Amino acid sequence: MKVVKHESVIWEKDDTHNMEAGFHSDLPSNMSADVMFARIQQGDILPLHWHTRPLDIDGADKGFESFFFFRGGHFVISDGSEEREFCVSEPITITFESGINNAHSVRNIGSDPLEFQVLCAPRFADGEEHLM
C-alpha cells in the first residue's frame, strides 16, 4: 500500500495552465492511468482546452480526464460558450471525455485556492492537449 499525504505533495508552477501542479512518486502512474494534483489560486483560470485522448487498453473506449474536487469549492467550468457555476462544500467529481466537444476551463471564484486531483485514463500523453 502506498500512502500520499497532502503535505508531502511537491508543487510546481505551471505557467502554461495558470496553476500549480502537484506530484509525488507514490501517486499512481502506469500506462493505464496517472494521477496528479492541481491548484488554482483565487481569481485564476485554467485556460480553455480539450484532449485527444487515446483509446483505452481494451481498444474500444476513448480515455477521459476526471477532476476530483475533494474539498468542494466555488468555481466556474466553461466549455467556451456556456458556463456552469459550482459552489459545493462536499467532494465532487467532474469528468471530461475526448474531443473538442468536451473543451473545458476552470475559473476559481472562491476565496481560497481551489485544489483537485486529476485522473487521466489512460495515462496522459504529450501532444494530446489542445489549448484554445
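A pocket, on a 1 Å grid over the protein atoms alone, is an open set of points where a 1.4 Å probe fits, with protein on both sides within 12 Å along at least five of seven lines, and its lining residues have an atom within 4 Å of a point. Grid points are joined across faces, edges and corners, and a volume is the space filled by probe spheres set on the points.

This is a predicted model, in which local features need pLDDT of at least 70 and side-chain atom pairs count only at pLDDT 80 or more, while totals for chains, interfaces and linings use all residues. Residues are numbered from 1 along each chain as its sequence is written, and side-chain values use heavy atoms, with hydrogens and water left out.

| Pocket | Volume |
|---|---|
| Largest pocket | about 420 Å³ |
| Second largest pocket | about 200 Å³ |

Of the 24 residues lining the largest pocket, M19, F23, M36, V118 and F124 are the closest to its centre. Strands are DSSP runs (E, at least two residues), numbered from the N terminus, and β3 gives the most to this lining of the largest pocket, with 4 residues. The second largest pocket has among its lining residues R71, H74, N108 and D112, and β6 (73-78) and β10 each give two or more residues to that lining.

Turning to the sheet, two strands pair if DSSP finds at least two bridges between them. Five strands form an open, antiparallel sheet in the order β7-β6-β9-β4-β11. Because β7 (83-88) and β11 (129-131) stand at the edges with a single partner strand each, one side of each is left without a neighbour in the sheet. Within this sheet, β4 and β9 (residues 104-108) pair over 3 bridges, and L46 has V106 in β9 as its bridge partner.
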